[in-house]
Amino acid sequence: MKLYTEKYGQVLLRDKNIAQIEISNLEEGEKVLEIGPGEGFLTQFLLEKYPKVTVVESDHRFVDILRVKFFDYVEHGQLEIIHGDFLEYEGLVQDQIIGNVPYHISSKIVQKLSTMKFNKAVLMFQSEFATTLMAKPSTKEYTRMTVFAYLNFNIEFIKLVSRNSFSPIPGVDSAIISLRNHDNFPDLDWNLAETKLRQMFSQKRKKLKNVIENCPVQFQENRIDQLPPESIINLLRNE
Ligand SMILES: C[S@@+](CC[C@H](N)C(=O)[O-])C[C@H]1O[C@@H](n2cnc3c(N)ncnc32)[C@H](O)[C@@H]1O
C-alpha cells in the first residue's frame with residue numbers, strides 16, 4: 001500500500017540538511033509543537049533538542065508508524081503523539097512551532113496560528129504561498145492573505161528549498177519562513193477587520209471610492225491591492 005497521498009500534502013522531506021536548517025532556526029526552549037510529522041523525519045531531530053515534543057498528525061497510518069518508531073520517547077514522557085487535525089488543536093501556549101505543512105491548508109494554518117500564543121514558528125510552505133505572505137503591493141502575489149499575515153506576524157524568509165528534497169517529488173519548490181506573533185494593532189476590532197478585508201479584496205478591480213463608503217480622499221483613485229498594509233490598516237480603522 002502506498003503510504004502517502006500527495007493530494008493531502010503528504011510529500012515527505014528526505015534531506016537532513018534542510019531539516020537541520022529548520023531546526024537551527026528555532027530557539028531554545030522547553031516545548032515544541034510539530035504540525036503534520038508524517039513518518040517523523042523532523043521529529044527525530046526535535047527529540048535531540050527539546051525536553052517536550054508534541055506532534056499533531058491527522059493520518060492514522062502515520063500515527064501508527066510514529067507510535068512504534070518513537071515508543072521509548074512516548075514511554076518516558078518526552079514525546080506526545082496526538083492523532084488529530086491541527087486546525088482543531090486546542091493546546092496551551094507553545095514555545096516553538098515547526099512544520100512542513102500540508103500545502104492544501106496553508107492559509108488555514110496561518111489563520112489558526114493567528115489564534116495561538118507561541119514564541120516562534122518555523123514553517124515550510126509551497127514557495128508561491130511563502131511569496132504571497134511577503135508580497136509587495138501591485139504584484140499578483142499581493143492578496144488578502146499578505147495583509148492578514150502582516151497584521152498578525154513578523155515574517156522572515158529563511159530559505160528556498162528544491163522540490164528534489166522531497167519524496168515523492170512534488171511539482172513545485174518550497175520555502176522555509178519564520179513567523180513571530182506581534183501585538184502591533186491592539187485597537188483593531190479583528191472580526192470587523194477581517195470582514196472588511198475580505199470585502200475589499202473581493203472587489204480588488206474597483207477603485208476604492210466605489211468600494212468603501214466615505215473613502216479617505218487620498219485613496220479614492222487606488223485599488224486595494226495598490227496600497228501597502230500600513231495604509232490598509234488605516235482604512236480598516238476609519239471606515
Ligand atoms: C508535507 S507532509 C510533511 C511530513 C513530514 N513533516 C515531513 O517533513 O516529512 C504533511 C503532513 O501533514 C499531515 N497533515 C495533513 N493535514 C493535517 C492536519 N489538518 N492536521 C495535522 N496533520 C495534517 C499529513 O498527513 C502529512 O503527514
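Start by selecting phenylalanine 118: with a relative accessible area of 7%, this residue is buried (buried means under 20% relative accessible area, exposed over 50%, partly exposed in between, using a 1.4 Å probe and protein chains only). Before moving on, know that this is a predicted model, where local features need pLDDT of at least 70, side-chain atom pairs count only at pLDDT 80 or more, and totals for chains, interfaces and linings use all residues. Residues are numbered from 1 along each chain as its sequence is written, and side-chain values use heavy atoms, leaving out hydrogens and water.

What kind of aromatic pair do phenylalanine 118 and phenylalanine 153 form? A tilted one, 6.4 Å centre to centre with 35 degrees between the planes (rings of Phe, Tyr and Trp, its six-membered ring, pair if their centres lie within 6.5 Å; planes under 30 degrees apart count as stacked, over 60 as edge-to-face and the rest as tilted). Phenylalanine 118 sits in strand E6 (residues 118–126) and phenylalanine 153 in strand E7 (residues 153–161), so the pair ties together parts 35 residues apart in sequence. Helices (H or I, at least four residues) and strands (E, at least two) are DSSP runs, numbered from the N terminus.

Next stop: tyrosine 150 and phenylalanine 185, whose ring centres are 6.1 Å apart with planes at 35 degrees, so this pair is tilted. Look for tyrosine 150 in helix H7 and phenylalanine 185 in the loop between strand E9 and helix H8. Tyrosine 150 is partly exposed at 29%, while phenylalanine 185 is buried at 10%.

Finally, zoom out: the protein chain has 9 helices and 9 strands.
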